[in-house]
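Please keep the sequence and the 3D view open while you read.

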Amino acid sequence: MQTPPIVSAQAWEAARQALLVKEKALTRARDALAAERRRMPWVEVDKAYSFDTADGPKTLLELFDGRRQLIVYRAFYEPGVHGWPDRGCPGCSLVADQVAHPAHLNARDVTLVFASRANPDQIAGLKARMGWQDIPWVSITDDFDTDFGVGEWHGTNVFCRADDGRVFRTYFLNNRGDEAMGGTWAYLDITPLGRQELWEDSPEGYPQHPSYKWWRWHDSYEAAPDAKWAEISDAGEKAFREASAKAKA
């Protein structure tokens, strides 16, 4: 194994700063791509779909669980998959292992659901064995996956519902696109409303709120905002802005 050169701390810091310029450019490009994604056209879903769940059959609209946005990951767990029925696809399982607590997505009006062609009892057993109890997981019973680009393997579809109950498909990714999924920010960046923070470039009229303020412990979103956290986040944001302005000067 040929390692990179071993240098002094000063030379290492210089190399880090040079790379940081490119990393910040990548971050800005990713933000710009997310902004463009929020402006993609939508297509209405005019076909009825049904999913089996532990609570009985549910429609696609019901999977939203009252929220405005829905992310559905088609996980490859069904007869014929390596490890069946004790395990799902190793790649899809890796995605599931990375999923952050859904309370943070729920707070941004997003519901995340996994869907597979296994029955609810099999899915319940898999979730218990693998520690995925926090991930809502339903059983596909019709052509939902094939209609939305995932005839097999895996893929992530994003939907938005209107106040009148109509549902629209807003985004889709698969293959290596799914590699980045699992974290709260990655999921929010593929939703039609985004992170809903003031700094984002979003279409006029989209909901936007101050950064940091909406963040909570995952078991505290139902409680009133923490006054101390608001104070800390204000101070932290002010310090960040001052340091950024100083660096630019």
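The report below goes through the sheet, then the salt bridges, then a surface patch.

This is a predicted model, in which local features need pLDDT of at least 70 and side-chain atom pairs count only at pLDDT 80 or more, while totals for chains, interfaces and linings use all residues. Residues are numbered from 1 along each chain as its sequence is written, and side-chain values use heavy atoms, with hydrogens and water left out.

**The sheet**

Let's begin with the strands. Eight of them form an open, mixed sheet in the order E1-E8-E7-E4-E5-E6-E2-E3. At the edges are strand E1 (43-44) and strand E3 (58-59), each of which pairs on one side only. Helices (H or I, at least four residues) and strands (E, at least two) are DSSP runs, numbered from the N terminus, and two strands pair if DSSP finds at least two bridges between them. Strands of a sheet pair through backbone hydrogen bonds, either parallel or antiparallel.

Strand E2 (residues 50-52) pairs with E6 in the antiparallel sense over two bridges: phenylalanine 51 has isoleucine 140 as its bridge partner, and aspartate 52 stands opposite serine 139. Strand E5 (residues 110-116) runs parallel to E6 and is joined to E6 by three bridges. Here serine 116 stands opposite serine 139. From E5 the chain passes through helix H5 (residues 120-130) to E6, a right-handed β-α-β crossover; with the strands pointing away from the viewer, "right-handed" says that the path from the first strand over the helix to the second runs clockwise.

**Salt bridges**

The whole structure holds 16 salt bridges, each being a side-chain nitrogen of Lys or Arg within 4 Å of a carboxyl oxygen of Asp or Glu. Three of the pairs are shown here.

| Pair | N to O distance |
|---|---|
| Aspartate 145 and arginine 74 | 3.1 Å |
| Lysine 213 and aspartate 234 | 2.6 Å |
| Glutamate 231 and lysine 228 | 3.8 Å |

The pair of aspartate 145 and arginine 74 links helix H6 (residues 144-147) to strand E4 (residues 69-74), 71 residues apart. Are these two residues buried or exposed? Both are buried, with buried meaning under 20% relative accessible area, exposed over 50%, and partly exposed in between (1.4 Å probe, protein chains only). Arg74 and Asp145 also belong to a salt-bridge network with Glu78 and Arg117.

Lysine 213, in the loop between helix H7 (184-188) and H8, reaches aspartate 234 in helix H8, 21 residues apart. Lysine 213 is partly exposed at 25% relative accessible area, and so is aspartate 234 at 42%. Glutamate 231 and lysine 228 both lie in helix H8, three residues apart, or about one turn of the helix.

**A nonpolar patch**

Helix H8 (residues 227-248) also holds tryptophan 229, which counts as partly exposed because its relative accessibility is 31%. Trp185, Trp215, Trp229 and Ile232 make a nonpolar surface patch of about 350 Å². Patches are made of residues with over 30% relative accessible area and no salt bridge, with like charges joined within 9 Å and nonpolar side chains (Val, Leu, Ile, Met, Phe, Trp, Tyr) within 5 Å. Accessible areas come from the Shrake-Rupley method with a 1.4 Å probe, and for residues only the protein chains shown count as cover.
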